[in-house]
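Have the picture open while you read.

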Amino acid sequence: MLLRSSRCGIITVARRYVVDSHCLTANYPSIYHAKYRSTLAMGDVINEVNTAVQEMAVGDKKSSVKSQLDGLTLPAYIEHRLTLWNKWKSEADEQLKNKPREPIEIRLKDGAIVQGESYSTSPWIVAKGISQSFADSTVIARVNGELWDLERTLESSCNIEFLNFNDSDGKAVYWHSSAHVLGEAMEKLYGGCLCYGPPINDGFYYDMQLSEGASVSQSNYPDLEKLIKSIIKDKQPFERLEVSKEQLHEMFNYNIFKQRILNEKVTTESTTIYRCGPLIDLCRGPHVRHTGRIKAMSVIKNSSTYWEGNSKAESLQRIYGISFPDVKLMKEWKEFQLEAARRDHRKIGREQELFFFHELSAGSAFFLPRGAHIYKELMKFIREEYRKRGFEEVITPNVYNTRLWKQSGHWQHYKENMFSFDVESESYALKPMNCPGHCLMFDHRLRSYRELPLRLADFGVLHRNELSGALTGLIRVRRFQQDDAHIFCAPEQVSDEILGCIDFLDSVYGVLGFDFELQLSTRPTEKFMGEISQWDTAEAQLKEALDASGRRWTLNPGDGAFYGPKIDITILDALKRPHQCATIQLDFQLPIRFNLKFMDSNQEESRPVMIHRAVLGTLERIIAVITENYAGKWPLWLSPRQAITIPVDPKFNDYAMKVREQFFNAGFDMVETDVDAGATLNKKIRNAQLAQFNFILVVGEREMLNGSVNVRTRDNVVHGEKSITKLIERFIYLRDTRAKVAESDKDF
């Protein structure tokens, strides 16, 4: 018998993920994100099944689903929805017929004017007028800046542009529509209740609540994909309808979670729903014309999650998918995933013995000696930059009374992400960030303008209470450290300090081999602190600094932090995947909340501006990123396996160990010796190359007599016999200059 659920709800967004809910109207500002994106932890897509999956649907339930696939009985709520849809759609079509038809002008992106008729001409008609091939490649239209269904008629004169799959908004719409196809298949197969089906950075997902004790299994994927192919073959049109909240309460009376959305998120009297085939859902849209536009689609993984990310709420099942307008693109994507899997930092971390995790401290990495070496070298690198740039390192407490977090505003906005506990009838919490502590440090005595800018840096240990299902390797952890710093400066110093932060980024990412992109995120439309005039001034200062940097930057309206605008920094790795590690944030709220003051040149009290900045960001996260970027082939200065000495015969073991000691005394801790008598010389060399030792130093009688080693690399480049003294000098130079590639160095 097919699994069914009579009254259920579907909505889940893992806490702290940026969720783009395309299945909500524009009137749900607390959920909807205009950029159509959702942040997934890196490595999620390359896992076939998330570790949170609970495969409980077994035995007869599985075989029953499989055996009844060709004769599925749709759940009763589908007929209920369709009956109401048909009634309301007929009424809406009648109203549309009575709309006045008037001449309108439609301005294309190139400035050309097309004549049309209101409530008659659609973007699809305009696109076909350009050419059929152009129309066929178009995913969605943008009308006066608003994304618009191709079949939705235009209401007045307007500006229009057409987006294809290569456009970020076009891709998001395409994946959003694909999510609805997945949702339709899920309803048919499982009979549960759907909620969100948003596009994300690499595909889409849909959430569903199943009957108690049931879950999604990989064994269901073929059945889902068979249904998906049928839906695509049907070329079901996507239809839009605007109806009242009262009507929607009637339509979704079987779904308690849709009721919650309507009650808690919809602030207007009406909103939109979309239909494709038997699927009807609350949805902002827009969508592709019909399901046949999806040419290649696959189910890629599933996981368990919770309603609104709350572990105390209802459990839901989430299924992820990917789709493309060309089968060739799907093939390329799958090849990309194989390469991403090869570079997965969790795999490399295990193979190279860098770190591990344990259930007794979930979300907290155990860095082994080799991994700790990388951690310390990154900190050393940043400390050297601090010294050059006038930053002063400080040490602050790990635990604070929650009065501090209430004063800073974090308790109101961030309480659920903090580890808190009671001590002697007082409430305390582990710090999830350093900024409030640095405010106390600034305020512990009266400051003079001569001390500004005051740049305080802190590598303090931080803790954030991430959901267990959201923990992903080093990308999302509960215990971490950052190259965190806060700059307290006078308002007129802001632009120079921001320029200094961007230069800091240039220096560090240049060494690590990353390019980066800059985005200015401005005041949120809701839930922001302070006066709009303060925000306008701050945003103008950031724009001035960005322009002066000479770097290209883009605007990201409405995505600033609640306390101030920020510059988002995105780096691209070797696979061109984006990662956000660094941040520069302007904050004029914390200085107000902590009443921070300094004496200006006129001996009058003045308020400082606070700049939050991190370059590497979370050390755990950047180690994950660079591990995958280098694919485990570390540059010499960071390498957990810098060199290995190998004797050609056991009688030269002592000399091999002596050579290792010389390198160790010169500051190269990650040099080892292989004296395994059970392996041949060639086997030892091959093992060292596979283990990614940067240099392999072979020694025998000649080398022992000459005080030398025979040098080759992990890529089998042979440099020949070299003096130990000169080789150490070269190693020191390559380490201290942080050379990206040392093994092919021609100066050996």
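## Helices, a sheet and some holes

Helix H5 passes helix H6 in a right-handed crossing, meaning that the near helix is turned clockwise from the far one by less than a right angle. Keep in mind that this is a predicted model, where local features need pLDDT of at least 70, side-chain atom pairs count only at pLDDT 80 or more, and totals for chains, interfaces and linings use all residues. Residues are numbered from 1 along each chain as its sequence is written, and side-chain values use heavy atoms, with hydrogens and water left out.

Back to our pair: the axes of H5 (residues 168-190) and H6 (residues 221-233) come within 9 Å and cross at roughly 125°. That makes H5 oblique to H6, because angles under 35 degrees count as roughly parallel, over 145 as roughly antiparallel, 65 to 115 as roughly perpendicular and the rest as oblique. Axes here are lines fitted to C-alpha atoms, for helices over the stretch in contact, with angles from 0 to 180 degrees between N-to-C directions. Helices (H or I, at least four residues) and strands (E, at least two) are DSSP runs, numbered from the N terminus.

Now for an open sheet of 3 strands, in the order S17-S19-S18 with antiparallel pairing. S17 (399-401) and S18 (420-423) are the edge strands, each pairing on one side only. Ignoring direction, neighbouring strands of this sheet are turned by 35° against each other on average. S18 and S19 (residues 426-430) are joined by 4 bridges; two strands pair if DSSP finds at least two. Val423 has Glu426 in S19 as its bridge partner.

On a 1 Å grid over the protein atoms alone, a cavity is a set of points where a 1.4 Å probe fits but cannot get out, while a pocket is an open set with protein on both sides within 12 Å along at least five of seven lines; lining residues have an atom within 4 Å of a point.

| Space | Volume | Top contributor to lining |
|---|---|---|
| Second largest pocket | about 900 Å³ | H2, 7 residues |
| Second largest cavity | about 30 Å³ | S11, 3 residues |

Which residues lie nearest the centre of the second largest pocket? They are Ala92, Leu96, Arg152, Arg240 and Leu241, out of 29 lining residues. Helix H2 (76-97) and strand S9 (239-244) each supply at least two residues of that lining.

The second largest cavity has residues including Arg81, Glu187 and Phe252 in its lining.

Conventions: Grid points are joined across faces, edges and corners, and a volume is the space filled by probe spheres set on the points.
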